[in-house]
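Biologist: Please show me the model, and then I will ask about it.

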Amino acid sequence: MYMAGYSLDNLSLMALTISTGFVVDDAIVVIENITRYMEHGATPMEAAMKGSEEIGSTVFTISVSLIAVFIPILLMGGIVGRLFREFAVTLSVAIAMSMIVSLTRPR
């Protein structure tokens with residue numbers, strides 16, 4: 001938000017609060033799939049590779065569809081559009097970062 005020049009107003013704080021659910025959701029889906037492989041006897045590295053490969057396209061698709069929902073808000077005009085643009089961009093960037101972290105972080 002700082003890099004985009006956005007202020008910390010109520011809409012941006014609401015976007016960060018809502019993004020918490022999306023961030024946790026991506027991580028839980030990936031971790032559950034990896035844990036399932038580990039319970040079946042795979043090493044942590046094998047489980048991470050298989051689990052991420054298997055669920056990666058699903059997490060990517062869900063994240064892209066969530067970001068697509070905010071495109072109309074990004075295209076709004078006027079003063080209200082500027083306020084909601086901060087909301088949409090903050091939430092979209094949080095979802096994108098969540099997807100990247102949940103699919104690439106070392107296990």
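Modeller: This is a predicted model. In the protein, 64% of the contacts with a separation of 6 or more are between residues 24 or more positions apart.

Biologist: What pattern does the protein follow, read along the sequence?

Modeller: The protein has 4 helices and 0 strands. Read along the sequence, the pattern is therefore α-α-α-α.

Biologist: Is the protein a compact globule or more spread out than one?

Modeller: For 107 residues the globule rule gives 13 Å, and the radius of gyration of the protein is 17 Å, well over that figure. The C-alpha atoms fill a box of roughly 55 × 20 × 20 Å along the principal axes. Because its radius of gyration is well over the rule, the protein is more spread out than a compact globule.

Biologist: What percentage of the residues count as buried?

Modeller: A residue is buried when its relative accessible area is under 20%. The protein exposes about 6,800 Å², and carbon and sulfur atoms supply 72% of that area. Of the 107 residues, the share that counts as buried is 29%.

Biologist: How far apart are the mean positions of the positive and negative charges?

Modeller: The protein has 6 positive and 9 negative charges. The distance between their mean positions is 6 Å.

Biologist: Which side chains meet in a salt bridge?

Modeller: Side chains of opposite charge can pair when their charged atoms come close. A search of the whole structure finds 1 salt bridge. Its N to O distance is 2.6 Å, and the side chains that meet are those of Arg-36 and Glu-54.

Biologist: Which helices hold Arg-36 and Glu-54?

Modeller: The two residues are 18 residues apart, and the pair links distant parts of the chain. Arg-36 lies within residues 10-39 and Glu-54 within residues 44-69. The helices are α1 for Arg-36 and α2 for Glu-54.

Biologist: Is Glu-54 buried or partly exposed?

Modeller: Buried means under 20% relative accessible area and exposed means over 50%. Arg-36 has a relative accessible area of 36%, so it is partly exposed. Glu-54 is at 40%, so it also counts as partly exposed.

Biologist: Which residues is Phe-84 in contact with, leaving aside its neighbours within four places in sequence?

Modeller: Phe-84 is placed in helix α4, residues 78-104. With a relative accessible area of 28%, Phe-84 is partly exposed. Leaving aside neighbours within four places in sequence, its contacts are Leu-11, Ile-73 and Met-76.

Biologist: How far apart in space are Phe-84 and Phe-70?

Modeller: In sequence, Phe-84 and Phe-70 are 14 residues apart. In space, C-alpha to C-alpha, the distance is 9.6 Å.

Key: Residues are numbered from 1 along each chain as its sequence is written. This is a predicted model: local features need pLDDT of at least 70, side-chain atom pairs count only at pLDDT 80 or more; totals for chains, interfaces and linings use all residues. Side-chain values use heavy atoms; hydrogens and water are left out. The radius of gyration is taken over C-alpha atoms; the globule rule is 2.2 Å times the number of residues to the power 0.38. Buried means under 20% relative accessible area, exposed over 50%, partly exposed in between (1.4 Å probe, protein chains only). Contact means heavy atoms within 4.5 Å. Accessible areas come from the Shrake-Rupley method with a 1.4 Å probe; for residues, only the protein chains shown count as cover. Lys and Arg count as positive and Asp and Glu as negative; His and the chain ends are not counted. The place of a charge is taken as NZ of Lys, CZ of Arg, CG of Asp or CD of Glu. A salt bridge is a side-chain nitrogen of Lys or Arg within 4 Å of a carboxyl oxygen of Asp or Glu.
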